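Please give me a tour of this structure in my viewer. Tell me what to select next and what I will find there.

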Amino acid sequence: MATDSADSVVQKDRSMVLQKNMIAEHFKRLERAPESGEPVVYTFVPGNLTELIRSFDALPLLPEINALQSGMRGKSKDYIAEAERAGHSEDVCTYVKCDIGMLKSGNIGPTGTKLPKPDLLLLSYTGCYTFMKWFELLREEYDCPTVFLQIPYQGDGELEPEHRKYIVDQIEADLIPAMEKISGKKYDEDKLKHHLGLAAEAEDDLVAVLHSAKNRPSPIDSYFGGVYYVGPIFSAFRGTEEGVEYYRELRKEVEARVAAGLGPVTPDGSLDEQDYRLVVEGPPNWTSFREFWRMFSEEKAVVVASTYTKVGGTYDLGFRHDPSDPLGTMADYCGGCYTNLNMPSRIDMLVNYIKDYSADGFVINSVKSCNSFSAGQLMMLREVEKRTGVPGAFIESDLVDPRYFSAANIKNRLESYLQMIDARRQRTAS
Amino acid sequence: MSNRKIIIEWALGVYEDLHFTAARETLSQNPNLKAVGFLPVYAPREVIVASSMLPVGIYGGGDQIEIIRGDAYYQSYICHLPRSVIELAQSDRLDFLSAVLFPSTCDVIRNLSGMWQVMYPDLYVRYLDLPHVRDPEVGGKFWERELRTLIDKLGEVSGHRASDDDLRAAIHLYNEVRWVIRELYRARSAEPWRLPTEELYLLLRAGEVVAPELFLDKARAYLEAIHEDSPPMKDRSRVIVVGTFCEQPPLGLIKTIERAGCWIVDDDLLIGNRMLTRDVQTQGDPVANLAEAFILHSEKTSVLYEPDPDGKKTLMAQRVRAAKADGIIFAAPSFCDPALLDRPMLRSGAEEAGIPCIAFKYAENTGQFQQFREQAGTFSDSIKLWGGS
């Protein structure tokens, strides 16, 4: 999720300015945390328990966000090299290596401020094996407690009641006492409920934004633009007043674009003429993000739905945080994050997106770094094609390792794919 | 031919047979028996046996199978194991299985469980989420509930729901299996020239696909036979091989390491067969006993969370001490997240403790061993020259 690069977009809506200011202020608070005494909790995007963290007046910090921001700012190459020199394999996740490299290079965060050490490593083990090793590695660098929160995988396509109970048991037995200890504050359920209520409010507005892509033209790009839209809710701002304000404003802007028949803002301006409506599976490449986006927008291709924008929660499938069941709703949230869904559920999601958003095609961006996403995507491609009759495209890149982004290759594949869609249209028309 | 050679030839035959004839014969001789496949690293075999089913370890095709269909399912940057597992399945070599269990080893095996659900909708498929939380009241209770679900589900597949007595009998049987494996490891560590890893590995691989009773007979007989005609003692360096718990190295690589001048005195090969480090209680609630054994007495491995902040740092030194080893060979399959992400932590701990280490990567179908011979040989020589741990 991109969270602070509103600068890179040509036209600035009020929501973009809001987001930029929110992020900047958050990182300033993080920098001041050693003096202000605000506890800092490192955690991951999928399965993040921001409302709980906020209810203890602690600040969340998300290493994947730092890594992707380093990728966007052209710093990841050196960080990865630093980690590989320290013995990390070229085969493993580049987010991890980027984060380790950043740490070894002085731990300067995305906005140029020094990142504080964690008071707690909250390892929310949701949908990604690498998370476990990532925090075991970070734990070696910091002298702070670690809480391991195991989120069972939805192997049978649902969060089973005993899995939900397991998550709640862990929150009660391990996480809340750890939060009490680092913050010096007692668990306050009313405060947590308040944050959960704010989360649900923002989630409603985010879903309205995502659903707006059903319009023609779509007023949003659900992948390249989508990563900005989900930034606040997937990171530090779910369950906050700022988050609510941001999504209220974003929704207003998007609804205004719908009313005006406008498309999304892209690096080259508004994409009002849209020749291709696509669904995208997989994370974006961050090191050449704008170039990647432009490959689509130049072809007048708009992404109407994406799975990556669901890694931090599948709100568009109906989930909302429920303040009346604070711990249970957090368990449901964690269990439902995209990469915690089994392959049949992921395939269903793509099939439904193609139908619900009247897509002309779908593209899988397979990233070398992420087995959680990538292992099985070739089968997904075939299954989705079989079930929808819509052909798919398969491109390969990486998250933050620029060595694995081959622009010519990707552009060729994308152009060929769009030509294939044209040919199908002509056949259908004749 | 000596007993030892007879047993190892039998094991080699089972290992090389990618049609799983031994398992198929067991099924044809027992019409009520069904087979359950499981992928690395750990599956509770007691539950399978108690459900009147034959556990069959699925470790891919190694270097013996040409991948024709499997590569169409995976990008170049995914490890080799799932390709050959799919190849086995797509060539009908796994058609005797009634269920397949996919333990939470890594995201590749996790996602393979869902691929199986799509490709084989009539087969029972279960993802086994192993517990990482070591509190018996939290992680233990979770695993106990998972085991009870598995018992119910396998009962539906086999037509026989395991009773407590069935489970106790299976626990007893696998306590015997684990005992004999521990004895084999102990014997190898004491006199590695009598029990080369090439032979031990073949015996254990055979044990993954035959009935546990048959494995027990063979393993006990082998233990008795190792003094019959063992190879001569040789002065070699004693090493631990770390990282080989999931995708298995080709047999040629194991042979190469030992022939290059190293005795393997401890390893991660097939670690699921000895994941529980102590006997499981046979008195009381068998499911609770199995759960407790996993939570409190399982091997430390890269696929499970390490709750002790110093655990990774100190693990290698502990293992080296226990095995009286001179050094460590970190051998990881290419693109193996668990082994490769763990390696920097384990290696730095080992090096801080003054333990010599080398590292390389392999794939199950690696066919050229020259570089490994040179690396292992140089490593052994350097230990001889400058000393081990």
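Start where chain A meets chain B: 31 residue pairs, both residues at pLDDT 80 or more, are in polar contact there. Keep in mind that this is a predicted model.

**Stop 1: the two chains together**

Select the residues of each chain that touch the other. The size of an interface is often given as the accessible area lost when the parts come together. Here the area buried between chain A and chain B is about 4600 Å². Carbon and sulfur atoms give 56% of that area.

Next, look for charged partners. There are 6 salt bridges between chain A and chain B. Pick A:Glu160 and B:Arg126 to see one of the salt bridges. Their closest N and O atoms are 3.7 Å apart.

**Stop 2**

Two packed helices are described by the angle between their axes and the distance between the axes.

Show the side chains at the contact. From H7(A), select A:Arg164, A:Ile167, A:Val168, A:Ile171, A:Glu172 and A:Ile176. From H13(A), select A:Leu327, A:Gly328, A:Thr329, A:Met330, A:Ala331 and A:Asp332. By class, this contact has 7 nonpolar, 2 polar and 3 charged residues.

**Stop 2: a cis bond in chain A**

Move to the loop between H8 (189-211) and H9 (226-229) of chain A, and find A:Pro217. Is the peptide bond from A:Arg216 to A:Pro217 cis or trans? It is cis, with omega near -5°.

**Stop 3: two loops in chain B**

Switch to chain B. Select B:Phe20, in the loop between H1 (3-16) and H2 (21-29). B:Phe20 is not a glycine, yet its phi is positive, near 55°.

Now go to B:Val41, in the loop between strand E1 (34-38) and helix H3 (45-50) of chain B. A cis peptide bond joins B:Pro40 and B:Val41, with omega about 15°.

**Stop 5**

Finish with H6 of chain B, residues 136-158. At its start, select B:Asp135 and B:Glu137. A side-chain oxygen of B:Asp135 comes to within 2.8 Å of the backbone nitrogen of B:Glu137. Then follow the helix to its other end. Just after H6(B) sits B:Gly159, with a positive phi of about 85°.

Terms used: Residues numbered from 1 in each chain as written. Chains lettered and ligands numbered in written order. Predicted model: local features only at pLDDT ≥ 70, side-chain atom pairs only at ≥ 80, totals over all residues. Heavy atoms only, no water. Contact = heavy atoms within 4.5 Å. Helix = DSSP H or I, 4+ residues; strand = E, 2+ residues; numbered from the N terminus. Nonpolar A, V, L, I, M, F, W, Y, C, P; charged D, E, K, R; others polar. Buried area = accessible area lost by both parts, 1.4 Å probe. Salt bridge = Lys/Arg side-chain N within 4 Å of Asp/Glu carboxyl O. Polar contact = N/O pair within 3.5 Å; in protein donor to acceptor, adjacent residues only side chain to side chain.
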